[in-house]
Amino acid sequence: MNGRPCACGAHGCLEAYASRSAIEKRIEGALKKGRESVISDYIEENGKITSHMIKDSIERKDELITQCVDEAAEYLSGGIASIINLINPKLIVLGGGLIDAVDYFYQRTIKLAKAKSLPIPASQTEFKKAALGDFSGVIGAAFLER
Ligand SMILES: [Zn+2]
């Protein structure tokens, strides 16, 4: 309720808090307010923020980028913990460019999701990265058309 606006038209969707574009908006907002970050060098070169820039910035121990990714992992893990507690899945597959490029984000999200879930369902849920990487959604959609 009263959450951040989402690209789908609704407010407060997990997408508006835990996606690469959500992280990008947080970073851009902080930079506009004068926060410093090594990612500014990459943006000057390329114009826009990519998952690989986020990865490199975390590896360079950038405080702002780590903070923005930690915040997204906090939200995403909360959503995943709700799914674990509600339907007790055997497997959760996480995909997309950010998960693919930024292992820190993937590992942190899993760790937090397990900590926020009920102990028994958490111990029964396995996590994997999507095998098809950033193209998983598109390839899945193509198979639905058959
Ligand atoms: Zn939405």
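Glu24 is buried, at 15% relative accessibility (buried means under 20% relative accessible area, exposed over 50%, partly exposed in between, with a 1.4 Å probe and protein chains only). The model is predicted: local features need pLDDT of at least 70, side-chain atom pairs count only at pLDDT 80 or more, and totals for chains, interfaces and linings use all residues. Residues are numbered from 1 along each chain as its sequence is written, and side-chain values use heavy atoms, with hydrogens and water left out.

Glu24 meets Arg20 in a salt bridge, 2.4 Å from N to O. A salt bridge is a side-chain nitrogen of Lys or Arg within 4 Å of a carboxyl oxygen of Asp or Glu. The structure holds 7 salt bridges. Arg20 is partly exposed, at 27%. Both residues lie in helix α2 (residues 20-32), 4 residues apart, about one turn of the helix. Helices are DSSP runs (H or I, at least four residues), numbered from the N terminus.

Another salt bridge joins Glu71 and Arg26, at 3.0 Å from N to O. This pair links distant parts of the chain: Glu71 lies in helix α5 and Arg26 in helix α2, 45 residues apart. Glu71 is partly exposed, at 23%. Arg26 is also partly exposed, at 38%.

Within helix α4 (residues 51-59), Lys55 and Glu59 lie 4 residues apart, about one turn of the helix. They form a salt bridge, with the closest N and O atoms 3.8 Å apart. Lys55 is partly exposed, at 29%, whereas Glu59 is exposed, at 51%. Elsewhere, salt bridges that share partners join Arg4, Arg26 and Glu71 into one network.

The count of aromatic pairs comes to 1. Rings of Phe, Tyr and Trp (its six-membered ring) pair if their centres lie within 6.5 Å; planes under 30 degrees apart count as stacked, over 60 as edge-to-face and the rest as tilted. The rings of Tyr17 and Tyr75 have centres 4.6 Å apart and planes at 55°, so the pair is tilted. Tyr17 is in helix α1 (residues 15-18) and Tyr75 in helix α5 (residues 63-87), 58 residues apart. Tyr17 is buried, at 15%. Tyr75 is partly exposed, at 36%.

A zinc ion is coordinated by Cys6 (SG), Cys8 (SG) and Cys13 (SG), at 2.2 to 2.3 Å. Donors are N, O and S atoms within 2.8 Å of the metal (3.2 Å for Na, K and Ca); water is not among the atoms, so sites may look incomplete. The donor residues are spaced C-x1-C-x4-C in sequence. Cys8 is exposed, at 57%. Cys13 is partly exposed, at 23%.

Terms used. Helix = DSSP H or I, 4+ residues; strand = E, 2+ residues; numbered from the N terminus.
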